[in-house]
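Please keep the sequence and the 3D view at hand as you go.

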Amino acid sequence: MTNALTKLLEKSGLLVTAEAHCDVPCGIYDTGPALYHAVSVVRLMDQYLAADEGAFLTRARLVANKEEQAEKVKHEIRVIWGDYVKPPIVEKYPNIHELTHSIMMTASKCKQDCHREDGEKLVELVNGFAEIFWATKGVKTGKAPCPYEPKLPVVFPVLGE
Amino acid sequence: MGLLGFVIARVRGASMEPGLPDGSFALFRRRKAVKRGDVILVDHPEFGLIVKRVHVVSRSGLFHLEGTGKLSTDRSRLGGVERDRIKGKLLFKIL
């Protein structure tokens, strides 16, 4: 069907696009994004706490971003927990369910309020999750402060060993 | 959506292969009786406008969906939809 014809049919409402809707099992999982979002939560908390009280728009934007980042932490962890974590992993790391639940609860706390200690706890919990995740892949991990604010210690995979 | 009870859908994605591969066009007709095995155009509450096959019609009148390709979202996630969400039944593939 030519482009011109499809455009004409779309304009007339006769042609629609329908998704076949696939779940492509790509098998790519990584705790990096969760950690990135967790650290972002703390950074946004710091910026919020340092912002001038009268800077309403800036503060509103920081709060909105903080909530978004915390929600992304929940999403990233939920996907790994739901799609990647299987019974053999649970057998080997029996605290994985409790740890995941703690991450959900702590991320929610970070959304609800602006206590830095909640943010720090979130990063630490995600660090714990990352250590288990990389261990399941037989990959060693290191821990060092991230090279940007808030410079909190983060777990990273030591690849290529 | 559609004209005189007909609508053409361009299918995106591989989960209705081999009958409706990615990029194919198909003609659907509204107000047709729908039964098990029919390929339908559905306004899904979670996934939007999708093309799927009716796996089974439950006693409560819900149309449970499935894909025909290996990559399709599975039945449990697609769930069942009410009749008024069905926007057309496949008549034939155009190209």
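**Exercise 1.** At what angle do helix H3 and helix H5 of chain A pack, and how far apart are their axes?

*Solution.* A note before we start: this is a predicted model, in which local features need pLDDT of at least 70 and side-chain atom pairs count only at pLDDT 80 or more, while totals for chains, interfaces and linings use all residues. Residues are numbered from 1 along each chain as its sequence is written, and chains are lettered from A and ligands numbered from 1 in the order in which they are written.

Step 1. Find the helices: H3(A) spans residues 56-84 and H5(A) residues 96-112. Helices (H or I, at least four residues) and strands (E, at least two) are DSSP runs, numbered from the N terminus.

Step 2. Read the geometry: the angle is about 170°, with the axes 8 Å apart. Axes are lines fitted to C-alpha atoms, for helices over the stretch in contact, and angles run from 0 to 180 degrees between N-to-C directions.

Step 3. Name the arrangement: the two helices are therefore roughly antiparallel, a label for angles over 145 degrees.

Step 4. List who meets whom. On the H3(A) side, the residues include A:Val73, A:Ile77 and A:Trp81, and on the H5(A) side A:Ile103, A:Met104 and A:Ala107 are among them. Contact requires C-beta atoms, placed from the backbone, within 7 Å.

Step 5. Sort this contact by class: eight residues are nonpolar, one is polar and five are charged. Here Ala, Val, Leu, Ile, Met, Phe, Trp, Tyr, Cys and Pro count as nonpolar, Asp, Glu, Lys and Arg as charged, and the others, Gly among them, as polar.

**Exercise 2.** Which residues have the most contacts inside the largest nonpolar core?

*Solution.* Step 1. Define the core: a set of buried Ala, Val, Leu, Ile, Met, Phe, Trp, Tyr and Cys residues joined through C-beta atoms within 7 Å. Buried means that 20 or more other C-beta atoms lie within 10 Å of the residue's own, again placed from the backbone.

Step 1. Pick out the residues: A:Ala38, A:Val41, A:Val73, A:Ile103, A:Leu122, A:Val126 and A:Phe129 lead in this core of 28 residues.

Step 2. See which elements contribute: H2, H3, H5, H6 and S3 of chain A each supply at least two residues, and H6(A) gives the most, with nine.

Step 3. Zoom in on A:Ala38. Setting aside neighbours within four places in sequence, A:Ala38 is in contact with A:Val73, A:Leu122, A:Val123 and A:Val126.

Step 4. Contrast this with H1(A), residues 3-12, where the count of buried residues is zero.

**Exercise 3.** How many residues does each chain bring to the contact between chain A and chain B?

*Solution.* Step 1. Count by chain: 27 residues come from chain B and 15 from chain A.

Step 1. Look at the elements of chain B: S1(B) and S4(B) each supply at least two residues to the side that touches chain A, and S1(B) gives the most, with six.

Step 2. Classify that side of chain B: 17 residues are nonpolar, eight polar and two charged.

Step 3. Check the strands: S1(A), residues 15-19, runs parallel to S1(B), joined by five bridges. Pairing calls for at least two bridges found by DSSP. Along this pair, A:Leu15 stands opposite B:Ile8.

Notes. Angles under 35 degrees count as roughly parallel, over 145 as roughly antiparallel, 65 to 115 as roughly perpendicular and the rest as oblique. Two residues are in contact if their C-beta atoms, placed from the backbone, lie within 7 Å. A residue is buried if 20 or more other C-beta atoms lie within 10 Å of its own, exposed if 12 or fewer, and partly exposed in between; C-beta atoms are placed from the backbone.
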